Each structure stands twice: as C-alpha cells, then as structure tokens.
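Please read the points alongside the sequence and the structure.

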Amino acid sequence: MNFHILTLFPDMVVDALNTGILGKAVAKGIIGLDGVDIRDFSHNRHRKVDDYTYGGGAGLLMQAQPIYEAVQSVQERLPKKARVIYMTPQGRVFTQEMASGFSREDDLILLCGHYEGIDERVLEECATDFVSIGDYVLSGGEIPAMVLVDTVSRLVPGVLHNEVSAETDSFQNGLLEYPQYSRPEEWHGRQVPQVLLSGDHAKVDEWRLAESLERTRERRPDLYKAWLKEHPPAPVKRRKRKADGEK
Ligand code: ADE
C-alpha cells in the first residue's frame, strides 16, 4: 500500500515514518512512502504557495493551484483514482474502524494544510475525505497524517510480525486491551496474575476478556456502553414452575 503525502515538509514526514516497524515494512516493499513537496508545483519564482484571505482575517491561506497540480501529478501516476484525505480539525474524528477501511486501499493521497487552511475550491474539487485526529488544533496536517499512516499501516498484512497482535490491540474489538506482563514473575513485590502462569488457555482468554471489560468500563465508559449494546447479556432462562401436584 502506498501513501502519497502532499506537504510543505516532505522530508520531515517521510523520515519520521521511515523508522521502526514501518521502516522495515518500507524496506520490504509492503508500504510505500511518497513525500510530495507542494512547493514544487508553485508557478511563483519564490516557490510561494500561500496568499491573503479574501474578506479579511488574520493569516495566510494555501492557494488552490499548487495543491491541485500536486494532487493531479499523483493521480496521473496511479492505475485508478485514489482517495484524497484532507487532514483537518473540521473532519470526522479518526477511529480504528476508519483505519480498517483505509487499509483496504492500494493508494491514499494525504493532504497536509498549513497557515490558516486551504482555499475551499480545491478541496471541493479534489478531497474525498476530511479527517481529524481529535478536537484540538495543531499547526499543520503533518503530525495528523503521520498518525493516520502509522495506524493504517499496522493493519496492512505483513507489516506486523504476527497479525494476531493487531487483532488483540485496543479498539480492534471495541474494547481496551487487557493488561500484559513479561519476566520476571515478581517485580517490586508485584506478582504476575497467577492465571497467566497456569497454561490453561481457556482460563487465560476468560481472564483477559474480564480485564478488558473492567478496564474499558473504568476508563472509557462511552466505549463500554457501546460494547454492551452490541453484546447484550444472554437472557437467563427461568425454569417453568411446576403445576400443583406435578412431580
Ligand atoms: N490540522 C490541524 N489540526 C488538526 C487535527 N486536529 N486533525 C487533523 N488535522 C489537523
């Protein structure tokens, strides 16, 4: 899967993503990181890509033309039109479920804004998705784009050593992940829960689900409520009362 990241800082984004697990996936050719410098598409001899806002207001706006040409230059190289995701605090708040959807695409174009934003007309013409990473404002779309690329890449087959680990991640089943322990069995007087040493896989699974539920109830009551709605407890079967005289 290829990520085409349109930004004023392509080196920063690509270098930061090209490390660790993602760096290995890039080296293996499972993930492609294509940093596209929006300034390369400026027609201005100073490579300017921003200008004042019509109607007044503080700050500069990124202009439509360089962004349009940057998007087109990527689309022209692809066998089929890719989704263009504009990273913006005005978008849908990013979730694991959205990441799953994006992970099924072959190519994604991510558009990172700066200054006061982007001329609306190029968004109308090019953007297919508007994604926010949360209800707060960053100074640009680069960090949000990195968040999206990292999250989506982990779901692409072959990126993680064992695919089970993405499946058991927090949110993948709508719950937070259960607590985990490694060696030694005792540390600072704290014991690893006995059940994890028992070798009884059914018991371990049962314990982990109970811990996930408890942690989610405590830390994310919103997710817990949604999970309960999806997994209503099975109705308790009442035994029929015997009629008088019946044995
Ligand atoms: N750009 C600035 N703030 C952002 C946010 N919260 N999410 C996505 N893009 C942004």
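1. A nitrogen atom of the ligand lies 2.7 Å from a polar backbone atom of Tyr136. A ligand nitrogen is also 3.0 Å from a polar backbone atom of Ile133, and one is 3.2 Å from a polar backbone atom of Gly134. The protein covers 96% of the 260 Å² of accessible area that the ligand has on its own (Shrake-Rupley method, 1.4 Å probe).

2. The model is predicted; local features need pLDDT of at least 70, side-chain atom pairs count only at pLDDT 80 or more, and totals for chains, interfaces and linings use all residues. Residues are numbered from 1 along each chain as its sequence is written, and side-chain values use heavy atoms, with hydrogens and water left out.

3. The shell around the ligand (residues with a heavy atom within 4 Å of it) includes Met87, Thr88, Pro89, Val131 and Ser132. Its residues divide into eight nonpolar, four polar and no charged (nonpolar: Ala, Val, Leu, Ile, Met, Phe, Trp, Tyr, Cys and Pro; charged: Asp, Glu, Lys and Arg; polar: the others, Gly among them). Strand β5 gives the most to this shell, with three residues (strands are DSSP E runs of at least two residues, and helices H or I runs of at least four, numbered from the N terminus).

4. Ser153 belongs to helix α6, residues 142-153. Ser153 counts as buried because its relative accessibility is 0% (buried is under 20%, exposed over 50%, partly exposed in between; 1.4 Å probe, protein chains only). Setting aside residues up to four places away in sequence, Ser153 touches Phe3, Leu22, Ile31 and Val159 (contact: heavy atoms within 4.5 Å). A polar side-chain atom of Ser153 lies 2.6 Å from the backbone oxygen of Val149.

5. Most residues other than glycine have a negative phi, and most peptide bonds are trans. The peptide bond from Arg183 to Pro184 is cis, with omega near 5°; Pro184 is in the loop between α7 and β8. Tyr115 has a positive phi, near 55°, and is found in the loop between β6 and α5. His188 also has a positive phi, of about 50°, and sits in the loop between β8 and β9. His188 counts as exposed because its relative accessibility is 64%, whereas Tyr115, at 38%, counts as partly exposed.

Conventions. Polar contact = N/O pair within 3.5 Å; in protein donor to acceptor, adjacent residues only side chain to side chain.
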